[in-house]
Amino acid sequence: IYDFSLGNPSIEPPSAINEAIMESVKEKDVHAYMNNSGFDEVKKAIAQSLNKRFATHFCSKNIIMCSGAAGGLNVVLKSILNEEEEVIVFIPYFMEYRNYIHNYQGKVIEVACEKNFEPNMLDLENKITSKTKAIIINNPNNPSGIVYNENVIKKITNILKKKEKEYNQAIYLIADEPYREIVYDNNKVPYLTKYYNDTIVVYSYSKSLSIPGERIGYIVVPEKTDDFKNLIQAMSIATRILGFVNAPSLLQKVVLKCVDTVVDMTEYEKNRDILYNGLKECGYECIKPQGAFYLFLKSPIKDEQEFCKLAKKYNILMVPGSSFAYPGYVRLAFCTDTQMIRKAILKFKELFEEINKKPYI
C-alpha cells in the first residue's frame, strides 16, 4: 500500500524526549493539577525561547498551555466568538477549521486563492465585514505546502489594519503554526505578532518533536492584543469548560526540558524532492512544497475524487482536494518511508499512462 493520506510524522522523536519523560515522571507532583493555563516555569521557558528566536518580548503571562493546536484553536475560538460572527479562512484550508468554528456557532467565510495558492487580496478585502471576528492563517500551509512570505503577510495585515479602523473593532489574526519548523530552500516563516497587534499564535509540538499523539502545545497572546486581560482570563477558563482542564502535566515538564529541541527535518526534504521530481517526470502538474510535508497535486482528470478511486487500483491512497475546499487537486503526505515513495513513483507513472489512454474529462 502506497499510503499518502495521513500527515503522521515518520521521523522518530529526538532521544531527548524519551529521556525527559523518564526524568520527569520521577519529579514530585508531576501528575497533579496546576493553574489552568499551565506550569509557570514552562510558560516562562517558552516565552524566553520565543524572545530569543524572534526578538519578541513575551513572559509567562502571555502563554497558555494547551492540548495541541486543535485544542488551542478551540480555546481561542470559544473565547472570542459570539453566535453568527464570522471567521475567514483561506482556500485551500484544513477542513477541521470549519468544525471548530461551528462548535461556537460561528460562520465560516472562505477567501479564494491565486494560482500559486496565495490568498486573493481583493477577495479578502471584500469578505471582511462588521461581523468578522477573526482570520485563521496556517503557515506553512496544509494542504498546499506553500509558505506565506513577509510580503504576503504585510498585504494581509495592512488590509486588517484598514478594516479595524473602518469598523472600529478588533479583528483577530489567528496564526496556526504546527509546521513552523518544517521549511525548505531557506524559506522564512514570519512571526506574525511583529506585523499586527491583534495576533494570537497557536503552536503544537506534534510535528517539531514528532509527538502528535501526546497533544501538547501553547497559545501566545501579546499584551498589545485588544482586551488582553479578558482574553487571557477567558482562555484559562475555556481550557476547563471545554473539558481539557489543563494541558497534560507530564508533557509540560518534557517541554520544559526540550523547549529548543527539534527533529532532524532532512528526511522530509529528501522525500519532497523524490516525490516532486518523480511526479513531474511522469507528467503531473504540481507546485514544489516550500514547507510542511504535503504536496498538492493537480488531478489529471476533472473529478479528483474519481482520480483517487483510480489510484486505488494501484494501491495509492490520497486525499481529494474537495476535502480542503479545493476540488481538482489531491493532497499527498510525504512524511512516510522514503523507499515507499520511490516505489510509488512507478505506480503513479502507470496510473498516468492509463488515464491518458482513456477519454477521461
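1. Is F324 buried or exposed? In this predicted model, F324 has a relative accessibility of 5% and therefore counts as buried, the cut-off for that class being under 20% relative accessible area.

2. On the aromatic pairs, a search over the whole structure returns 22 of them. One is formed by F296 and F324, whose rings are edge-to-face, with 6.3 Å from centre to centre and 85° between the planes. This pair joins distant parts of the chain, since F296 belongs to strand β10 (residues 294-298) while F324 sits in the loop between β12 (319-320) and β13 (329-333), 28 residues apart.

3. F296 also pairs with Y329, and here the arrangement is stacked, with 5.2 Å centre to centre and 20° between the planes. This second pair likewise links distant parts of the chain, with F296 in strand β10 and Y329 in strand β13, 33 residues apart. Both F296 and Y329 are buried.

4. On the helices, the axes of α10 (residues 304-312) and α11 (residues 338-357) come within 10 Å of each other and cross at roughly 120°, and the two helices are therefore oblique to each other. The crossing of α10 and α11 is right-handed. From α10 the contact is made by F307, L310 and A311, and from α11 by L351, E354 and I355; by class, these residues divide into five nonpolar, no polar and one charged.

5. F307, named above among the contact residues of α10, is also a member of an aromatic cluster, which is formed by F4, Y284, F307, F348 and F352.

6. A separate point concerns M34, which is placed in the loop between α1 (15-24) and α2 (40-54). With a relative accessibility of 13%, M34 counts as buried, again because the class is defined as under 20% relative accessible area. Leaving aside residues up to four places away in sequence, M34 touches F39, N246, A247, S249 and Q252.

Note on methods:
Residues are numbered from 1 along each chain as its sequence is written. This is a predicted model: local features need pLDDT of at least 70, side-chain atom pairs count only at pLDDT 80 or more; totals for chains, interfaces and linings use all residues. Side-chain values use heavy atoms; hydrogens and water are left out. Axes are lines fitted to C-alpha atoms, for helices over the stretch in contact, and angles run from 0 to 180 degrees between N-to-C directions. Helices (H or I, at least four residues) and strands (E, at least two) are DSSP runs, numbered from the N terminus. Angles under 35 degrees count as roughly parallel, over 145 as roughly antiparallel, 65 to 115 as roughly perpendicular and the rest as oblique. A crossing is left-handed if the near helix is turned anticlockwise from the far one by less than a right angle, and right-handed if clockwise. Contact means heavy atoms within 4.5 Å. Ala, Val, Leu, Ile, Met, Phe, Trp, Tyr, Cys and Pro count as nonpolar, Asp, Glu, Lys and Arg as charged, and the others, Gly among them, as polar. Rings of Phe, Tyr and Trp (its six-membered ring) pair if their centres lie within 6.5 Å; planes under 30 degrees apart count as stacked, over 60 as edge-to-face and the rest as tilted. Buried means under 20% relative accessible area, exposed over 50%, partly exposed in between (1.4 Å probe, protein chains only).
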